[in-house]
Amino acid sequence: IEFTATVLPEDATNREIEWVIHSSNLSKATVDEDGLVTTAAAGKVAVTAKAKDNLDILDKGYLYIKPEAYIIVNVPKGPVSLNVGETLTIAPGVYAMALKAPLPDTPVEAAVSRSGCVAVNGGGSITGVKEGSSIVTYTAPEYDIIRKLRIIVTPPIFG
């Protein structure tokens with residue numbers, strides 16, 4: 001986002017502008033010498049334009065930065081049924097909605113409730129261990145997001 005400012009009168013001897021970000025957390029955004037703001041985190045920042053030859057002459061605008069939306073993808077909507085001894089491989093990832101692109105190399109962790117029903121390995125495989133149901137919770141700690149998958153384990157089919 002680019003802010004603009006004009007120093008008046010037009011025949012002023014120094015028309016240079018200094019741009020400054022004001023926020024309780026200065027890592028939310030930066031502004032360059034041309035007023036171009038780059039955002040880094042959600043929140044509110046004030047962007048101030050000051051006349052370089054008289055810093056008491058200024059104007060301020062506010063920018064409200066919306067949080068970036070991320071989701072965990074490649075996890076079935078569930079529930080998923082597995083037979084005892086059957087394995088399902090899931091390769092969860094993180095997708096950035098604003099970028100419309102996956103974020104490679106973003107770790108997604110899996111944890112299991114009632115782990116006696118299923119076993120989850122670090123490679124994304126879920127194996128039915130005994131009859132029952134479990135919830136596998138996928139988390140991407142870097143983005144503070146979770147996705148849950150219910151697994152129903154049924155007796156093995158013999159034929």
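**Notebook: contacts and cores in a predicted model**

I began at Val37 and looked up its contacts (heavy atoms within 4.5 Å): leaving aside neighbours within four places in sequence, Val37 is in contact with Ile1, Phe3, Ile21, Ala29, Thr30, Val31, Val47 and Leu63. I note that this is a predicted model, in which local features need pLDDT of at least 70 and side-chain atom pairs count only at pLDDT 80 or more, while totals for chains, interfaces and linings use all residues. Residues are numbered from 1 along each chain as its sequence is written, and side-chain values use heavy atoms, with hydrogens and water left out.

**Val37, continued**

I placed Val37 in strand 3 (residues 37–39); strands (E, at least two residues) are DSSP runs, numbered from the N terminus.

**Confidence**

I looked up pLDDT, the predictor's confidence in each residue from 0 to 100. The protein has a mean of 88, and 99% of its residues reach 70 or more. Among the elements, strand 7 has the highest mean pLDDT (95) and strand 10 (residues 101–103) the lowest (86).

**Nonpolar cores**

I then turned to the nonpolar cores, sets of buried Ala, Val, Leu, Ile, Met, Phe, Trp, Tyr and Cys residues joined through side-chain atoms within 4.5 Å. The largest has 18 residues, and Ile126, Tyr138, Leu149 and Ile151 have the most contacts inside it. At least two residues of this core come from each of strand 7 (80–83), strand 9 (93–96), strand 14 (132–140) and strand 15 (145–154). Which strand gives the most to this core? I found that strand 15 does, with four residues. A second, separate core has 13 residues, including Phe3, Trp19, Val45 and Val47.

For Tyr138, leaving aside neighbours within four places in sequence, I listed contacts that include Ile72, Val75, Ile90, Ile126 and Leu149.

**Aromatic rings**

I found one aromatic pair in the structure; rings of Phe, Tyr and Trp (its six-membered ring) pair if their centres lie within 6.5 Å, with planes under 30 degrees apart counted as stacked, over 60 as edge-to-face and the rest as tilted. Tyr70 and Tyr143 form this tilted pair, at 4.1 Å centre to centre and 40° between the planes. Tyr70 lies in strand 6 (residues 70–73) and Tyr143 in the loop between strand 14 and strand 15, so the pair ties together parts 73 residues apart in sequence.

Thr106 is buried, with a relative accessible area of 13%, and touches Val94, Glu142 and Tyr143, not counting residues up to four places away in sequence.

**Asn83 and the end of the chain**

I located Asn83 in strand 7. What joins the side chains of Asn83 and Thr154? I recorded a polar contact of 2.8 Å between them (a pair of N or O atoms within 3.5 Å; within protein, one must be able to donate a hydrogen and the other to accept it, and residues adjacent in sequence count only if both atoms are side-chain atoms).

Last, I looked up Phe158, in the segment after strand 15. Phe158 is exposed, with a relative accessible area of 74%.

Conventions
Buried means under 20% relative accessible area, exposed over 50%, partly exposed in between (1.4 Å probe, protein chains only).
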